Every structure is written in structure tokens, then in C-alpha cells.
Amino acid sequence: MGAWRIEYVSRPDNVELRTLSVNSAQDAWAFGLAGEDWDSRLLVHYDGRRWTEYDFAADLPEIRGVTLAELASSGPDNTWFFGTDDPVGSRGTTPVIARWDGSRWRKMPLPRRMPERVKDAAVFAPDDVWLLAGSNSMALPGEWPALERTGWHWDGRRWTERRLPAEAVALAGRAADDIWAVGRAPDPRGEDTPAAARRTKPAAMHYDGHTWRLVPTPAFQPPVDAPPGEGSAEFEDVVVSPQGGVVWAVGDQTYPNDDVDANTAQSPVVARWNGGRWEKRSTPDELEALAVLPVASDGAQGLVFSGGRLRADGRFTSVGRPPLLPDKTGEVTRVARQQQLSLRDLVQVPGTRQAWGAGSIAVGSGGEGPNFSYGVVVRAPAAE
């Protein structure tokens, strides 16, 4: 499949980009954290020629305290920014929602009951936006607060709460009347025990322009060689292919493990919507060793992960690492050769078979000599 190509590298040497929105191959936004203590923020824009740091002090000073953020858009004059504080919420940062109208960022109204934690967002028009967010609660599935099962919709004038049939963590759609949200729901199987209360099953919900409806999902069982015991599964992201009506849901399952150092093990779960029902898809061996998030459409009815591409026919091809970056000395030293690419977001470029990712290229603190973390935007090789 080739290797990742670097499109942007941050100037500061301690940066991690965390969210990315791509309107076209000539227009994109990325947001991240910077500084030794992650005490600075970076908002960068691509205009088709170069990436430029955006001075947000005048129109978006609130994002200085944001650590959890989502960027989503429907076009170059309709990009939205959703930001909240870290999960602990110790700094008491004021949440912020803003919209780029093609010339400047403008703050937008907050929902009456703004959640503590941003999860995901989908933008279809200036007056048609969906937001998923929730609380910082660590409750068991049967005790999830209502915020975990709520979506917020912007109609151009105000935000309206819409109750969802299950907890949702991600959403994506092809049109305003064809939206999917995925997450998890309590698994009703088994006895009413503390262990059973922690079990979850994948949940998929569809919106037809009027109503959110829970759609049955496949049952995922632990591998045949796993020790006896119940497993738990959930979807963590949903990807809508730009053509062919193909929708993917990905996540993971947890099940008992014989390892004395870790009594549970994990493996990825993948399902595909065939237009009438969700079908469980087998996961290649290569994917078993990789993180399933972030993930994006490859523009050819398949998926792109940080480690490779899952084709529509089930074949997996790996992607090579990007070129090495110099460390603080300006050289690619022995230590710099230990650098790793870590992606926090992946987005398919509309109208193409390309996917761009945002994250960092870094050498961890365990290495000898200068360590670094550059914020980067990278491009995956185009799907055949």
C-alpha cells in the first residue's frame, strides 16, 4: 500500500494534533495541544498551498483551556469547532462551540444543558448539526446517566435534545435523513450479577430524518481458545462510505484471559451494513495487533487504519511509516530513529480515495538524548 506521506509538521517541538476536518484537498483545519505541560493550543488551516497557524486570540480566546475537541464540516464556509475540558474538569473551562463561515470564527450558542465531554459531531448544513457528548461519570451500563443517551441537534436557531435508544459514542451520515450512531448497550444475557452488569453489547442506531431507531447488531463471541467466561463488546466508531450505501462499524470486545498479569484480553470487532442488516466481518490477523481507532473510509468502500487498509473484499494491506524527522539537534540521530507515528484522527478527503490523519511523530521520554513530539498531518496512499 505504500507509506504515510507527511503533509504538515508543526514548528513547536512538543505538539500533538487531536482533531482534523478536511473539506477538500485544498481546505482543512486541525487542532492540537502544545507546550511542555500541554498548556498551549494550536489551530492550523490549510488553504491548498500551505498550512498556517491561526491566531485565535481575537475571536476564540476560550479554546485556550480546551483539551477535548471535535472539528466537523460540510464545506469550506461551514466548519464547526466543539470544545470542552479534560475528563476531570478541574480547570472549570467554559465549553465553546464556534463556526467558521469562510472568513472568521464566530461563537455559537451552547445547548441549555451543555455536557462535560465532547464525543463526536456531524455537520450537514449551517442549520443542520448533530453533537454527541456526555458526562464524566464512570457508572456501570445499567446506571448510565441520560447524557450518555442524548444527541443535540442544531436547527439554525437553537439546540434541541433528542433521546437516543442506547449510549452513543460516534456518528456519521450520508445525508440529513440517513445518519448512523454507534456505541453500546447493557447486555441482558446472564444472571443479575456485578459481572453481568458490566457486560455490554454493540449498539447501532439509525436516524431517518424523524426518529432514532435501534437496529439489531451481530453477537460477537470470544475466540474459541479463550478461557470460559462471558465477553463484552461495543462499537467505537462508524464510517459511512461516500458511495454504494456501505456503512462500517468498528470497536472491540473484551473476554477472559489465562495470562496471570492480565485477566482480560481484547480483540477488534468489525461489522458492515449491507443495506438491510448488520453483518459480522472477520478481522484479518494483521488487524488483531493494531488499534482500530482512529478509522476512516478509504473512498473505495473499505477502511483505513493507522497501520493499514482493510479492503471491501476483506484483504488487509499494511502501510509503511512516514519519513524520519530530525530531533532538536536538526539531525536524524540514533535516538530520532526510534520515532513513532501516533494518530488521533483520520478523515477521508471528500471526492477522493485518500485519507488524511492528524496526530504526532514522537520519541518517548525513555530514549537517550533529545526527545520530541511534532504535531503532524499525514496522508495515506490512495486506494487502488
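**Note on strand pairing and aromatic contacts**

1. Strand 27 (residues 355-363) runs antiparallel to strand 28, and eight bridges join the two. One of these contacts sets A362 against S373, its bridge partner in strand 28. The model is a predicted one, which applies to each of the points that follow.

2. Strand 28 also pairs with strand 1, again in the antiparallel sense, here over four bridges. In this pairing R5 has R379 of strand 28 as its bridge partner.

3. How many of the residues of strand 28 are buried? Eight of the eight, across residues 372-379, so the strand is largely enclosed by the rest of the structure. The side chains divide by direction: F372, Y374, V376 and V378 point one way, while S373, G375, V377 and R379 point the other way. Both sets are buried. S373, the bridge partner of A362, and R379, the bridge partner of R5, therefore both belong to a strand in which eight of eight residues are buried.

4. The geometry is tilted, with 5.3 Å centre to centre and 40° between the planes.

5. Are Y8 and W51 buried or exposed? Y8 has a relative accessible area of 9% and is buried. W51, at 13%, is buried as well. Both count as buried because the cut-off is under 20% relative accessible area.

6. Over the whole structure the search gives 23 aromatic pairs. Elsewhere in the chain, ring pairs join W180, F220, F235, W273 and W278 into a cluster.

7. A separate point concerns the open sheet of four strands, whose order is 18-19-20-21 with antiparallel pairing. Strand 18 (232-240) and strand 21 (278-281) are the edge strands, each pairing on one side only. From one strand to the next the twist averages 30°.

8. Within this sheet, strand 18 and strand 19 (residues 247-256) are antiparallel and share eight bridges. V239 has W248 in strand 19 as its bridge partner.

Terms used
Residues are numbered from 1 along each chain as its sequence is written. This is a predicted model: local features need pLDDT of at least 70, side-chain atom pairs count only at pLDDT 80 or more; totals for chains, interfaces and linings use all residues. Side-chain values use heavy atoms; hydrogens and water are left out. Two strands pair if DSSP finds at least two bridges between them. Axes are lines fitted to C-alpha atoms, for helices over the stretch in contact, and angles run from 0 to 180 degrees between N-to-C directions. Rings of Phe, Tyr and Trp (its six-membered ring) pair if their centres lie within 6.5 Å; planes under 30 degrees apart count as stacked, over 60 as edge-to-face and the rest as tilted. Buried means under 20% relative accessible area, exposed over 50%, partly exposed in between (1.4 Å probe, protein chains only).
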